[in-house]
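Hi,

Here is the structure I promised to pass on to you. Have a look at it first, and then read on for what turned up in it.

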Amino acid sequence: MRAVRHEGGCELAQARPINALLLEDDDVDSKLIALQAAGFRMIDMRVLRARSTAEAREHLDHERIDLAILDFWLGCESSLRFLAELDARLPGLPAIVLTGLSMPDVREMCVSAGAVRFLDKATLTGEAFEAAILGVLGPRAFRSSAEPTRFGRPGLTVVQTERCDR
């Protein structure tokens with residue numbers, strides 16, 4: 001065992017950031033989502049914003065994407081067609097749909113199109129957003145069990161790298 005100094009308390013840490021493709025045409029909503037992601041406590045998420053489906057395809061061609069976050073209404077069309085394209089291109093990629101149109105028929109359309117979560121922008125808090133992402137990504141969002149386990153409080157922390165039976 002070894003001891004290390006640190007300033008914060010104990011937290012779960014990830015092996016690598018989660019790359020989230022954000023398809024959002026509204027600049028204000030995009031900034032709010034990015035600010036919420038920056039404040040996540042248990043997820044280190046890199047937001048790759050696309051204003052259009054063409055920009056989103058560019059990200060798909062050049063980046064590793066772990067999660068898709070799609071605005072339901074993109075100016076003059078819904079994102080559901082792109083959601084179907086995502087499913088064909090990257091089967092199993094989890095997708096969350098955000099919308100200000102919180103009507104039951106919109107929710108049903110999104111779930112039928114393959115969205116794993118549907119979130120209402122008007123009531124979305126940072127905590128609820130992070131919880132939804134954790135629910136979608138599951139264990140992929142955290143370090144593997146091979147990572148060191150940290151014990152302690154701010155100041156001096158004991159880092160255990162091997163199993164220790166008492």
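**What turned up**

Let me start with helix α2, whose buried residues pack against β2 (18-23), β3 (45-50) and α3 (80-89). Please keep in mind that this is a predicted model. The helix itself covers residues 53-62, and the buried ones are Thr 53, Ala 56, His 59 and Leu 60. Looking down the axis of α2, you will find these buried residues within an arc of 110 degrees, so they line one face of the helix.

**The cores**

The largest nonpolar core has 22 residues, and Phe 82 and Cys 110 are those with the most contacts inside it. At least two residues each come from β2, β3, α2, β4, α3, β5 (95-99) and α4 (104-113). The largest share is that of α3, with 4 residues. If you click on Cys 110 and set aside its neighbours within four places in sequence, you will see contacts with Phe 72, Leu 80, Leu 83, Val 97, Ala 115 and Phe 118. There is also a second, separate core of 20 residues, with Ala 132, Leu 134, Val 136 and Leu 137 among them.

**Salt bridges**

Side chains of opposite charge can pair when their charged atoms come close. In this model the count comes to 10 salt bridges, and a few are worth a look.

- Arg 49 pairs with Asp 27, with 2.9 Å between the closest N and O atoms. Arg 49 is in strand β3 and Asp 27 in helix α1, so this pair ties together parts that are 22 residues apart in sequence. Arg 49 counts as buried at 18% relative accessibility, while Asp 27 is partly exposed at 40%.
- Asp 61 and Arg 89 form a salt bridge with an N to O distance of 2.0 Å. It links distant parts of the chain, since Asp 61 belongs to helix α2 and Arg 89 to helix α3, 28 residues apart. Both ends are partly exposed: Asp 61 has 48% relative accessibility and Arg 89 has 33%.
- Arg 64 and Asp 66 meet at 3.0 Å, N to O. Arg 64 is partly exposed at 39% relative accessibility, whereas Asp 66 is buried at 10%.

Salt bridges also link Glu 24, Asp 29, Asp 71 and Lys 121 in a network. Within that group, Asp 71 sits in strand β4 (residues 67-71). Is Asp 71 buried or exposed? Asp 71 is buried, with a relative accessible area of 5%. Not counting residues up to four places away in sequence, Asp 71 touches Leu 23, Glu 24, Asp 25, Ser 79, Leu 98, Thr 99 and Lys 121.

**On the surface**

Which residues make the nonpolar surface patch of about 310 Å²? They are Val 28, Leu 32 and Leu 35. Val 28 is placed in helix α1 (residues 27-38) and is exposed, with a relative accessible area of 54%.

Gly 114 is partly exposed at 42% relative accessibility. From C-alpha to C-alpha, Gly 114 and Gly 92 are 9.5 Å apart in space, with a separation of 22 residues in sequence.

Terms used
Residues numbered from 1 in each chain as written. Predicted model: local features only at pLDDT ≥ 70, side-chain atom pairs only at ≥ 80, totals over all residues. Heavy atoms only, no water. Buried < 20%, exposed > 50% of the residue type's maximum accessible area, 1.4 Å probe, protein only. Arc of directions from axis to C-beta. Contact = heavy atoms within 4.5 Å. Core = buried A, V, L, I, M, F, W, Y, C linked by side-chain atoms within 4.5 Å. Patch = residues over 30% accessible without salt bridge, like charges linked within 9 Å, V, L, I, M, F, W, Y side chains within 5 Å. Areas by Shrake-Rupley, 256 points an atom, 1.4 Å probe, with all protein chains shown as cover. Salt bridge = Lys/Arg side-chain N within 4 Å of Asp/Glu carboxyl O.
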